[in-house]
Amino acid sequence: MQFRVSQILCRRAYAILAVNFLFDRQVSMAKSTLTNTQLKELKAIGHQLNPVVIVGGNGLTDSLIEEVNRALNDHELIKVKIPAGSKEERDAVNQAISEATGSTIVTSIGRMVLLLRRNPEANPKLSNLARFG
C-alpha cells in the first residue's frame, strides 16, 4: 500500500517538474519577444479589463478553447480566470490554453492570466489594444 502511494507521489512530482520546465521555457520565450516597455503597457491595459473567459469545473474543453480563440480574434488582449488549485496546476492550465490558442502569456497573477495574440485585421472598436493602447 505504501509503495503504491509513494509511486503516485513520485509520478506527480515528475509531472510537476515537467510542467515547470515547459512553463519556464515558454515564459522566457514569451518575455524575449516582448520588451519590458511592451510588457508594462500590456499589463497596464490588462489591469483595466474584466475576465472574458472563466474556466469552469469541466476544465479545458473544445468549446472553451473555441471561445478563447474567438475572444483573442476580437480583442487581441484578454483576461482569463482559472479555477482554484495549486500554482503548478494553474500554470499547467495557463500553458495548455496558450499552446492550444497560439497566444502569449503576458502575465499570470493568482487565478488570472493575461493572454495576447495580435490580429492584423482587428476591429478597432473591439480590440483592447486599439481602444486602450
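A salt bridge is counted here where a side-chain nitrogen of Lys or Arg lies within 4 Å of a carboxyl oxygen of Asp or Glu. The legends below refer to a predicted model, and the structure holds three such salt bridges.

**View 1. The salt bridge between Glu67 and Arg70 in helix 3.** Glu67 pairs with Arg70 in a salt bridge whose closest N and O atoms are 2.7 Å apart. The two residues belong to helix 3 (residues 62-75) and, because they are three residues apart there, they are separated by about one helical turn. Glu67 is partly exposed, its relative accessible area being 33%, and Arg70 also counts as partly exposed, at 35% relative accessibility.

View 2. Taken together, Glu67, Arg70 and Asp74 are linked in a network of salt bridges.

**View 3. The salt bridge between Asp91 and Lys87 in helix 4.** Here Asp91 forms a salt bridge with Lys87, and the closest N and O atoms are 3.2 Å apart. Both residues lie in helix 4 (residues 87-101), where they are four residues apart and so separated by about one helical turn. The two partners fall into separate classes of accessibility: Asp91 counts as buried, at 5% relative accessibility, whereas Lys87 counts as partly exposed, at 43%. The cut-off that places Asp91 among the buried residues is a relative accessible area under 20%.

**View 4. The largest pocket and its lining.** The largest pocket has a volume of about 180 Å³. The elements that give two or more residues to its lining are helix 2 (36-48), strand 3 (104-109) and strand 4 (112-116). The lining is made up of Lys43, Gly46, His47, Lys79, Thr107, Ser108, Ile109, Met112, Val113 and Leu114. By residue class, this lining divides into four nonpolar, four polar and two charged residues.

Technical notes: Residues are numbered from 1 along each chain as its sequence is written. This is a predicted model: local features need pLDDT of at least 70, side-chain atom pairs count only at pLDDT 80 or more; totals for chains, interfaces and linings use all residues. Side-chain values use heavy atoms; hydrogens and water are left out. On a 1 Å grid over the protein atoms alone, a cavity is a set of points where a 1.4 Å probe fits but cannot get out, and a pocket is an open set with protein on both sides within 12 Å along at least five of seven lines; lining residues have an atom within 4 Å of a point. Grid points are joined across faces, edges and corners, and a volume is the space filled by probe spheres set on the points. Ala, Val, Leu, Ile, Met, Phe, Trp, Tyr, Cys and Pro count as nonpolar, Asp, Glu, Lys and Arg as charged, and the others, Gly among them, as polar. Buried means under 20% relative accessible area, exposed over 50%, partly exposed in between (1.4 Å probe, protein chains only).
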